[in-house]
Amino acid sequence: MRYLPTMLAGSALIFASGAIAQTVDEQMDGADAVTPQDEAADPTMADPGSSDPAAEKAFTDAEVSSFAGAMMELQALTGDAATKQQQASEIIAQSGIDTETFNAIGSAMQTDEELARRVRLAAAELQPQPAE
């Protein structure tokens with residue numbers, strides 16, 4: 001059973017990076033890039049004292065369950081990197097949570113033990129039970 005949490009966390013990091021890249025690409029379309037000089041000129045843009053917003057967000061049980069289900073599907077992906085990335089995007093889109101929430105949960109569970117526990121429990125509930 002210790003293998004499952006490790007796989008969930010590792011898979012979250014691997015697939016979240018692709019989802020993050022897609023989110024950034026979507027946000028950057030038609031937007032001006034912010035440079036470090038812009039941040040220095042506008043103190044509201046750079047707040048070194050702020051913490052990670054993902055760590056502060058309380059995720060619902062439905063979001064956690066959707067994340068766990070998507071992660072289990074992502075772990076089963078096969079094929080080359082491009083195929084996996086396309087399949088991962090589809091799985092996340094069909095999971096019932098948006099890409100930003102998926103990425104936030106994946107990031108937050110790295111430092112939030114309670115959230116990681118909730119994801120493990122949700123994944124365990126979603127796993128098929130052996131036939132008796």
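This is a predicted model: local features need pLDDT of at least 70, side-chain atom pairs count only at pLDDT 80 or more; totals for chains, interfaces and linings use all residues.
**View 1. Asn103, a buried residue of helix α6.** Let's start with a single side chain. Helix α6 covers residues 99-108, and Asn103 is part of this helix. Is Asn103 buried or exposed? Its relative accessibility is 7%, so Asn103 counts as buried, the limit being under 20%. For a distance to check in your viewer, take Ile92, which is 11 residues from Asn103 along the chain: the two C-alpha atoms are 10.0 Å apart.

View 2. As background, nonpolar side chains tend to be buried together in soluble globular proteins.

**View 3. Helix α4 packed against helix α7.** Two packed helices are described by the angle between their axes and the distance between those axes. For α4 and α7, the angle is about 65 degrees and the axes lie 8 Å apart. The crossing of α4 past α7 is right-handed. On the α4 side, the contact is made by Asp61, Val64, Ser65, Phe67, Ala68, Gly69 and Met72. Their partners in α7 are Leu115, Arg118, Val119, Ala122, Ala123 and Leu126. Sorted by class, this α4 and α7 contact has 9 nonpolar, 2 polar and 2 charged residues.

Note on methods:
Residues are numbered from 1 along each chain as its sequence is written. Side-chain values use heavy atoms; hydrogens and water are left out. Helices (H or I, at least four residues) and strands (E, at least two) are DSSP runs, numbered from the N terminus. Buried means under 20% relative accessible area, exposed over 50%, partly exposed in between (1.4 Å probe, protein chains only). Axes are lines fitted to C-alpha atoms, for helices over the stretch in contact, and angles run from 0 to 180 degrees between N-to-C directions. A crossing is left-handed if the near helix is turned anticlockwise from the far one by less than a right angle, and right-handed if clockwise. Contact means heavy atoms within 4.5 Å. Ala, Val, Leu, Ile, Met, Phe, Trp, Tyr, Cys and Pro count as nonpolar, Asp, Glu, Lys and Arg as charged, and the others, Gly among them, as polar.
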